Amino acid sequence: MYRLFCTLIAVLLLGVVTTAQESAPATHPYNPLTITHDGIERTAHIYDADNDTTNNTALIALHPFFSSARAMEAISDLNQLADERGWMIIYPEAIHDYWDDGRVENGLSPNDGIVDDVGYLNTLVTTLRADHNIDTVYITGFGLGGTMAMRAVCESPTTYDGIAVVGALMWEYQQAYCEDLADATNSIDVLFMIGNQDHRFWYEGREIAFAENPQRIMGAIETVNFWGERRLCGDTSDIGERYSTLVLYENCTGGSQVAFLTVLTGGSAWFRNDDNSLNRTGIDATALIGAFFERDTDWVTLTNQETLSTALARSFALYVPTTYDATTPTPVILSLHGRGANSFGQAFTTQFNQLAEQYGFIVVYPQAYDPYYDNPEVADAVWNYNLGTPIETLTWDDDVFLDRLIDDLALDLNIDMSRLYVNGLSNGGYMTNRLACTRSDRYATFASVAATAPYGLTDLCENGNPAPIMFYHGTADDISPWHGLPMTNPATGQRFYAIAPMPNTLGFWLTHNGCGEAYEQRDIPSEDTGSSVSYLTYTDCPADGGIEIYVVIDGGHVWHGVNDFESDLLGEVNMDVNASEAVWAFSSAYTLDGYDADLAIEFDIFGDENTSD
């Protein structure tokens, strides 16, 4: 019943402290370089070395899907290369949620129009050489940023001295852009790094079945063969016997080299090996890029994985606004996707990035774990909200994953730990309800969209604190029904609710938070002919336990008010109120200490900002 979600996933595939940190991580202030290309003003963030040496080298670093320049700076720690090697690091900003690596003209969504990103990057390089005394230019990218880097080098091979791609393989359609690559006689060093458990760019390759225009991701062997052949590296026929380790071709065109590193037990991540707790594989992508491009004599030793990780590979998408200030603790929203969906789909569904840019918060879209990530026939990413209940069937601990994710991000970003907010859609909403019980001392608010309380919440909440929580739910939701989902235990014949009715859910949270039953209701004037919205806020709740709900009369199983579409499976989308704005309006008014009116953001009923402080 989530096939529509799964189609969107395919389109989008191509991620207990109660006070603010005492000191902010070392992050350079925003330093924009603005260039007008093709009539559009484009911006990149520049980091210069914090030393007196420079070797006239620049590295252009392209952020992944639904991300940002400041996020790329944070997750990659490429500034370290600038400090150590005297490089300049440039973090360009995509115009839309994507880089146009050829995806638009080949029918991939989202589609806000063709963008001449290749031309922009060429103009950027020209500006760097002319105005900043740069001689050597490398380019790198993570995920979609990596596929964009490939297209840029394919179409303009004489512009770059090297390319490093992390967490990405080629789309088959990109081969058409590489006609000039084989004729380029200059030296272009090529480095690929990808995890063998990557769930976005599958190691063996995969066809993505779009309705009218199927596309295929090339496998690891195909990708390195393609680049090896076009850089005239000689025979690549034996790569199939060696691709589980480092593959290195030397003495390619112009004396260049082509290297492909498979990161064993690695997922979709920019590989780090410092103080982070997630995705520790023994590989440091940043250090390896610097050593590879500068031909350090011992660079190959950086590819050794002496001890393989036994931890699950996890991923996420991250957006950090241009207004981010490393000297100021910054609020964070975590937004959890539905079952069978992914972090990119959640970013597209909610459009929280736009609000983050406007209001200066960080947004993280964590990726649920999928034990069948390598099998598209049964793949099913799901949050383990039933852990520790009588109907537990999965073993991984998403509470701990999200804890570690926030703690890792706090190493690179100045996060206000008193203003962490979590929300989720459907399966992510059930997980949000769980977190309101198990992590009420971690997150300041919780918002559940198209999801009620899952089974076992009473026991999970036994020792929990009051939790400010809001709901946004349609009365015609057939997947998370307003009246709940009853089931029968086959062993005992006992009936129970796998997910509770919404009235029961509200009753549970009112009791848990110590609220009375009094409420105020506002029926929002509707411009939507298929549904309408009533807003209820409970007026007799403690300052640290507010409860409210948006009831969408005849509304379906969707995130309302952002993307309008028709679906017989998911039901009616109401566009009267933007659910993302409603979530931020509720969340913004709370810290872990409770409600703070001075922090509140208010919107009018049609989604336009009314007041903000």
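At what angle do the axes of helix H10 (residues 398-412) and helix H11 (residues 427-438) cross, and within what distance do they come? The axes of these two helices come within 11 Å and cross at roughly 80°, which makes H10 roughly perpendicular to H11. The model described here is a predicted one, in which local features need pLDDT of at least 70 and side-chain atom pairs count only at pLDDT 80 or more, while totals for chains, interfaces and linings use all residues. Residues are numbered from 1 along each chain as its sequence is written, and side-chain values use heavy atoms, with hydrogens and water left out.

Helices (H or I, at least four residues) and strands (E, at least two) are DSSP runs, numbered from the N terminus. Axes are lines fitted to C-alpha atoms, for helices over the stretch in contact, and angles run from 0 to 180 degrees between N-to-C directions; angles under 35 degrees count as roughly parallel, over 145 as roughly antiparallel, 65 to 115 as roughly perpendicular and the rest as oblique. Where H10 and H11 are in contact (heavy atoms within 4.5 Å), Asp 398, Asp 399 and Leu 402 in H10 meet Met 431, Arg 434, Leu 435 and Thr 438 in H11. By class, this contact has 3 nonpolar, 1 polar and 3 charged residues, where Ala, Val, Leu, Ile, Met, Phe, Trp, Tyr, Cys and Pro count as nonpolar, Asp, Glu, Lys and Arg as charged, and the others, Gly among them, as polar.

An open sheet of 9 strands, with mixed pairing, has the order S1-S2-S4-S3-S5-S6-S7-S11-S10, two strands being paired if DSSP finds at least two bridges between them. Strand S1 (32-37) and strand S10 (246-249) stand at the edges with a single partner strand each, so one side of each is left without a neighbour in the sheet. Neighbouring strands of this sheet are turned by 15° against each other on average, direction ignored. Within the sheet, strand S5 (residues 136-142) and strand S6 (residues 162-166) run parallel and are joined by 5 bridges, with Gly 141 standing opposite Val 165 in S6. Helix H2 (residues 69-76) lies across strand S2 (40-47), strand S3 (57-62), strand S4 (88-92) and S5, and runs at about 135° to S4. Helix H6 (residues 220-230) also packs on the sheet, where it touches S6, strand S7 (189-195) and strand S11 (258-263), its direction making about 165° with that of S11.

Phe 142, which lies in strand S5, is buried, with a relative accessible area of 6%; buried means under 20% relative accessible area, exposed over 50%, and partly exposed in between (1.4 Å probe, protein chains only). When its neighbours within four places in sequence are left aside, the residues in contact with Phe 142 include Leu 62, His 63, Met 72, Val 166 and Trp 270.

Strand S20 (residues 519-524) is joined to S21 by 6 bridges, the two running antiparallel, and the bridge partner of Arg 522 in S21 is Tyr 535. S21 is also joined by 6 bridges to strand S22 (residues 547-553), again in antiparallel fashion, with Ile 549 in S22 as the bridge partner of Leu 536.

The peptide bond from Ser 109 to Pro 110 is cis, with omega near 0°, and Pro 110 is found in the loop between S4 and helix H4 (117-131). Asn 251, in the loop between S10 and S11, has a positive phi near 55° although it is a residue other than glycine, and is exposed, with a relative accessible area of 69%. Gln 351, placed in the loop between helix H8 (343-350) and helix H9 (352-359), likewise has a positive phi of about 55°, but is buried at 19% relative accessible area.

Aromatic rings of Phe, Tyr and Trp (its six-membered ring) pair if their centres lie within 6.5 Å, and planes under 30 degrees apart count as stacked, over 60 as edge-to-face and the rest as tilted. By this rule the count comes to 27 aromatic pairs. The rings of Tyr 443 and Phe 446 have centres 6.1 Å apart and planes at 75°, so the pair is edge-to-face, and both residues are buried.
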